[in-house]
Amino acid sequence: MEDKKLPIGTKLGYGVCDFGGNLFFTATAFVLMNYLTDTVGLAAALAGIALMVGRIWDAFYDPVIGFISDRTKSKMGRRRPYMLGASIPLFVAVVLMFTNPSLIAGAGVSQMTLFFYAMVVYVILCTAYSTVNIPYCALGPELTADYHERTSLNGYRFGFAAVGTLLGAGAALPIVALAPDKNQGFVLLGLIFGGVMLISALVTVFSVKEPAEHPEQTMGFVETYKAVFKNKPYLLILATYIIHILGITVASAIVIYYFKYILGDEGATTLAMVILIVTGMIFIPVSVAMSKRMGKKLVYGIGFVVMAVMLMIIFIFGQTMGVTFTLVMMFFAGTGFGLLYAMPFAIVSDAIEYDYLCTGERREGAFFGIWTWGLKIGQALAIFLMGVTLEAMGYVPNIMPQSASSQLAITLFLGPISAGLFLLAAVFLYFYPITEQRYKEILAGIAEMEAKKGIVPKT
């Protein structure tokens, strides 16, 4: 593993895959729930359950693909064969996900048929995405062991991720509007987003060279994951990240409902998300620079606090102050959003290095199998709870105005619920123990361990 500065080409080649990966994240968080309820016509509760089933499947599949990739030996390395093999199925699954069954079967499709279609296709989509994304995430820590270089590498990665998020949030609805109707528009969206995911994955596959040698894996599946769940620093940052994703997903998914049903300006949704994400993109390099001065943990925590404060301001004043005020607050929320992008992935890599010191085995795939599942279970829990709550509070798609209880649910999700989740994540982060000084001690311990085993580190 390299511990010197990585070439810019490697950072760019590695980072570009998350351009497509974040389209998946954004499509799931920002438009998928609304697409299923308002375009497909699936009841909100059934839509939430269908998406939750996909994440339950991930609980079984993600650890398996992580475990398998750790033990893969090929000329391409451990990670890239899976990224290559799953990229085309991922493209197909995205297109199917955004194809309304009514286009195929005609009008009058039953709720159960819509439910099972959404559930099965989403499980396929989650499987393909995991097969690309978990090996991709595991590849990052293998490229460098340097404390700050890992932050830089993830800065490049999440620069691309922010562009993907911008395209997903800012271009999704305009792409849909290009077609004669919403059904055809969402098929077009699936083709474009799926194509970008395919191309970005292939660019990384063919532009990044994996480390050639790794310590032999001796633990079985159960023993591997027992060791993963004994890593206390990892569990703390994992819990932080799951709650982080819960907050981001709730806030992102409810924005379109807030602008449509509370502020009465659905068209401003795209502008709001563009403002949030462009500001976030600007603050990604700021977060990298800040982390060198004050540490990754503090930067991450500041991001949580900023997001919580801005969402509460929108909750208190947004409905009376109107669209322009809310858009200004989205700018300030974007500063916190930018601080949240790269930090968790830079931090978790250090926790995985701690595992190598404790066990003498490198199993980034196993750790990112659980990590990626955590991301997706956070998303699914958020969507599930939103779907069930909105339906229970009387939400009816495309009805203006919504009932008072439905409007209350929408504003609570955007304000106190999302803000509370961000603050809860900050509490878990507070107890994360690996500082820069502690990480230097970990690397010194690894060097001593490798010297005893006769392992010569690459330089």
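**Salt bridges and a helix crossing in the predicted model**

E448 and K452 lie four residues apart in helix α18 (residues 436-453), and so are separated by about one helical turn. In this predicted model, E448 forms a salt bridge with K452, with 3.6 Å between the closest N and O atoms. K452 is exposed, its relative accessible area being 68%. In total, 19 salt bridges are counted.

Two further salt bridges share D350. One pairs D350 with R150, where the closest N and O atoms are 3.5 Å apart. This pair links distant parts of the chain, as D350 belongs to helix α15 (residues 343-359) and R150 to helix α7 (residues 147-170), 200 residues apart. D350 and R150 are both buried. The other pairs D350 with K296, at 2.7 Å between the closest N and O atoms. K296 is buried, as is D350. A network of salt bridges links R150, K296 and D350 with D70, R78, R79, E142, E353, R362 and E364.

Helix α6 (residues 111-143) and helix α16 (residues 364-392) have axes that come within 8 Å and cross at roughly 130 degrees. α6 is therefore oblique to α16. The crossing of the two helices is right-handed. On the α6 side, the contact is made by C126, Y129, S130, N133, I134, C137, A138, P141 and E142, and on the α16 side by E364, G365, F368, G369, T372 and K376. By class, seven residues of the contact between α6 and α16 are nonpolar, five are polar and three are charged.

Technical notes:
Residues are numbered from 1 along each chain as its sequence is written. This is a predicted model: local features need pLDDT of at least 70, side-chain atom pairs count only at pLDDT 80 or more; totals for chains, interfaces and linings use all residues. Side-chain values use heavy atoms; hydrogens and water are left out. Axes are lines fitted to C-alpha atoms, for helices over the stretch in contact, and angles run from 0 to 180 degrees between N-to-C directions. Angles under 35 degrees count as roughly parallel, over 145 as roughly antiparallel, 65 to 115 as roughly perpendicular and the rest as oblique. A crossing is left-handed if the near helix is turned anticlockwise from the far one by less than a right angle, and right-handed if clockwise. Contact means heavy atoms within 4.5 Å. Ala, Val, Leu, Ile, Met, Phe, Trp, Tyr, Cys and Pro count as nonpolar, Asp, Glu, Lys and Arg as charged, and the others, Gly among them, as polar. A salt bridge is a side-chain nitrogen of Lys or Arg within 4 Å of a carboxyl oxygen of Asp or Glu. Buried means under 20% relative accessible area, exposed over 50%, partly exposed in between (1.4 Å probe, protein chains only).
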